Amino acid sequence: MPRRTDARERAIRSAARLFQRQGYHGTGLAQILEESGAPRGSFYFHFPQGKPELAVEAVREATRDVEALVTAARERARDPAQFLRRLARGLARWLEETDYAEGCPVAAFTLEGIPEFPPLEAACVEAYARWKDDVVAVLEDALGRNTRSEGLATLVVAAFEGALLMGRTQRSVAPVETVGEHLAAYVRALSRA
């Protein structure tokens, strides 16, 4: 495995941002290198399989970013309903800070369907699974360990995924905030039952 360097990290960060904004096929390697300032000569040293390998690392980087958002919401929330509202605020802030140019970091790859490079598909599958597991952990704290937590976590991830797409399209945080409020109310009702 190539060693981790600043140039490698800059390339991954730039690629993650550009892929979210423009999609995989709409982002060229030259643009990634220019934006990151990473030397062209070292690119294939760090990513021997080229742009597809860089995309895998960009998905992993973006996965960690979303997990950090989930962790921050969880640490500041006293219950799952408040967690969902805080998560919605964090996602809404993300949309606003990127001027609605970035949504879910994995959606671009998922929507474009990149079957020619199985490690990229696997990274996307892993991203959604990790986010769902993070939400399950929060829900189980309040609802106990059961199959309902698994299903509800799938609903949460899918709802926020759709809300990010809608928010980006509408250039509005309203879909994300609405989903957060409705999910919070639903979870609160479940925890009382």
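I started with the lining of the largest pocket and found that α1 (6-22) gives the most to it, with four residues. (Helices are DSSP runs of H or I, at least four residues, numbered from the N terminus.) A pocket here is an open set of points on a 1 Å grid over the protein atoms alone, with protein on both sides within 12 Å along at least five of seven lines; a lining residue has an atom within 4 Å of a point.

This is a predicted model, where local features need pLDDT of at least 70 and side-chain atom pairs count only at pLDDT 80 or more, while totals for chains, interfaces and linings use all residues. Residues are numbered from 1 along each chain as its sequence is written, and side-chain values use heavy atoms, leaving out hydrogens and water.

I read off the pocket lining as Arg13, Ala16, Arg17, Gln20, Asp65, Leu69, Trp94, Thr98 and Glu102. Besides α1, α4 (51-76) gives two or more residues.

Next, how many cavities of 30 Å³ or more does the whole structure hold? I got two. A cavity is a set of points where a 1.4 Å probe fits but cannot get out, and its volume is the space filled by probe spheres set on the points, which are joined across faces, edges and corners.

The largest cavity comes to about 170 Å³. Of its 14 lining residues, Val66, Leu91, Trp131, Val157 and Phe160 lie nearest the centre. α8 (147-170) supplies the largest share, five residues.

The second largest cavity has about 40 Å³, and its lining includes Ala7, Leu33, Pro39 and Phe43.
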